[in-house]
Amino acid sequence: MITWIAGLIVLLIKMALVLGVLLFLAAYLVWAERKLLGRLQVRLGPNRAGIFGLLQPIADSIKMLCKEDIVPEAADKIIFLLAPAVVATTALLMFAVVPFGPEITLMGKQVPLVISDINVGLLFVFAMASLGVYGMALGGWASNSKFALLGGIRGAAQMISYELALGLSLVPVVMLAQSFSLVDIVNAQADYPFIIVQPIAFVIFVISSMAESKRIPFDLPEAENELGAGFHTEYSGMRFGLFFIGEYVHMQVFGALIAVFFLGGWRGPFLPPPVWLLIKIIIAALVMIWIRGTLPRLRYDQLMEMGWKILIPASLINIIITGAVILI
Amino acid sequence: MMTEIFESVKALGEGFAATFKHLLRKPITEEYPEYKRPLPERSRARIVLTCDPDGKERCVACYLCSSVCPVSCISMQSAENTDGRRYAKWFRINLGRCIYCGLCEEACPTSAIQLTPDFENSRLDILNLVFEKQDLLVDNCGKDRAYNFYKHAGIKTDSFDKGTRDFETEPVNVKSNLP
Ligand code: SF4
Ligand code: SF4
């Protein structure tokens with residue numbers, strides 16, 4: 001009983017820590033993104049709230065909390081209200097299986113530095129990723145607005161172009177690690193990170209995970225110049241904020257997944273493991289911001305063509321080659 | 001096929017290099033409240049009523065600006081002075097409606113109404129954007145430093161009679177047909 005309670009407390013502490021860090025980082029990723037995009041465009045970015053605009057996330061959240069929360073008259077109320085939560089929750093939940101360090105010994109007990117090491121962790125990640133798109137499509141549909149609906153539909157279309165490539169690109173990783181558990185995948189990279197042997201899978205995974213988190217150049221569901229704000233056109237206040245947080249948590253989660261699958265997860269010399277994971281996440285996020293500052297948005301058909309004609313065949317070929325190499 | 005892939009990768013690389021180079025450049029942002037860029041003299045913002053070089057009101061209350069204004073935000077009441085000069089008894093511009101098109105300035109025969117580069121005119125209460133004559137009047141000539149309408153108009157005032165100015169000829173007696 002005592003050990004059970006102690007375990008529960010440790011789990012709660014871990015969850016609170018991860019949640020806190022994720023949300024804090026999401027807020028400051030927004031700041032970093034605005035700052036960096038500003039610099040990429042030879043301007044300053046936010047610089048009014050606090051030094052270097054460091055209080056900007058706080059100002060933004062106060063503003064969003066104080067804004068009126070409008071629910072359109074003709075919207076499907078319940079689904080409309082729930083959709084943002086689905087997006088934000090699934091994004092947060094995905095982090096539950098990401099290991100952020102090796103087992104540590106705490107007061108004579110082994111504490112694994114992962115919230116939950118389930119043996120089908122990878123499948124869990126995919127399930128949550130697709131559910132996130134579900135929340136977006138529902139939000140677009142429930143708004144009962146044509147722009148939002150189109151955004152939601154585009155989101156769904158994007159999902160069927162990318163989910164497959166995303167999954168297939170990781171098959172070689174699973175073949176190499178012989179496990180679906182993210183903990184085992186990180187452990188399998190003790191000697192070398194998988195990016196060295198799987199560069200193609202890495203590229204495919206990065207592209208499809210950017211599409212998955214609806215980052216520019218794949219932000220079709222919220223294309224502002226043709227759809228208003230896309231699936232969240234009708235959302236206001238903190239409900240919009242949840243979509244927004246969801247996107248930035250997604251960014252971090254995919255940064256973490258890129259690290260776990262290809263960059264050796266928390267492995268790295270000198271620094272403590274969680275710091276290494278954090279560094280890798282931040283680097284991935286910065287690269288994503290750089291990509292956002294460079295590439296224009298893809299067209300609907302270009303996106304599907306790229307997904308179906310390039311990424312999926314490429315990942316299939318990659319699987320065959322990896323399989324052949326492993327067999328030999 | 002290979003060249004195609006090579007070309008597209010090269011193009012992508014160039015794009016990323018271009019944005020990365022900008023990252024290292026100094027931002028060209030002008031921070032507004034700290035630094036106020038001197039605007040060109042002809043930029044169009046707050047409207048003023050200017051005076052002629054003698055320091056007298058230029059506006060002759062001819063209603064031309066009012067009638068040309070596309071949003072009808074100018075109104076006034078004309079009156080006549082004892083010295084024969086017309087003036088505006090009251091003159092009102094609703095700057096909340098003004099679109100700063102500058103048509104009033106174009107239409108004005110006396111160079112009285114002018115748009116200035118002073119754009120910092122937001123008010124907390126929208127009614128404060130209704131400018132009365134005393135808010136509009138300034139004691140200088142604005143952009144047009146020399147023009148004095150009454151020196152050219154051929155109108156009788158205290159200072160000049162008709163045809164007395166050196167570029168004028170004597171007025172013709174229209175009631176007679178003698179040359
Ligand atoms: S600038 Fe244009 S809109 Fe404004 S008062 Fe003059 S004519 Fe009217
Ligand atoms: S057009 Fe000029 S002179 Fe005529 S009423 Fe307007 S400001 Fe006065």
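**Reading a predicted two-chain model**

Me: Which residue forms a salt bridge with A:Arg292, and how far apart are the closest N and O atoms?

Reply: Side chains of opposite charge can pair when their charged atoms come close. In this predicted model, A:Arg292 makes a salt bridge with A:Glu33, and their closest N and O atoms lie 2.9 Å apart. The pair links distant parts of the chain. A:Arg292 sits in helix α10 of chain A and A:Glu33 in helix α1 of chain A, 259 residues apart.

Me: How many salt bridges does a search of the whole structure find?

Reply: Over all chains, the search finds 18 salt bridges. Across the interface of chain A and chain B, the rule finds two. In one salt bridge, B:Glu31 pairs with A:Arg48, with 3.1 Å between the closest N and O atoms.

Me: Which elements give two or more residues to the side of chain A that touches chain B?

Reply: They are α1 (2–40) and α10 (273–294) of chain A. The most comes from α10(A), which gives four residues. By kind, the residues on this side of chain A are seven nonpolar, three polar and three charged.

Me: How many residues of each chain are in contact, and what area do the chains bury between them?

Reply: The contact involves 13 residues of chain A and 15 residues of chain B. Chain A and chain B bury about 1300 Å² between them, and 68% of that is on carbon and sulfur atoms. The rule also finds nine residue pairs in polar contact across this interface, both residues being at pLDDT 80 or more.

Me: What ipTM and pTM does the predictor give the complex?

Reply: The complex gets an ipTM of 0.76 and a pTM of 0.77. For chain B, the average pLDDT is 88, and 99% of the residues score at least 70.

Me: What is the order of the strands in the open sheet of chain B, and is the pairing parallel or antiparallel?

Reply: Strands of a sheet pair through backbone hydrogen bonds, either parallel or antiparallel. Here the open sheet has three strands in the order β2-β3-β5 (chain B), and the pairing is antiparallel. Because β2 (74–80) and β5 (130–131) of chain B each have a single partner strand, they stand at the edges, and one side of each is left without a neighbour in the sheet.

Me: How many bridges join β2(B) to strand β3 of chain B?

Reply: Seven bridges join β2(B) to β3 (residues 86–94) of chain B, and the two strands run antiparallel.

Methods. Residues numbered from 1 in each chain as written. Chains lettered and ligands numbered in written order. Heavy atoms only, no water. pLDDT = per-residue confidence, 0-100. Contact = heavy atoms within 4.5 Å. Buried area = accessible area lost by both parts, 1.4 Å probe. Salt bridge = Lys/Arg side-chain N within 4 Å of Asp/Glu carboxyl O. Polar contact = N/O pair within 3.5 Å; in protein donor to acceptor, adjacent residues only side chain to side chain. Nonpolar A, V, L, I, M, F, W, Y, C, P; charged D, E, K, R; others polar. Pairing = 2+ DSSP bridges.
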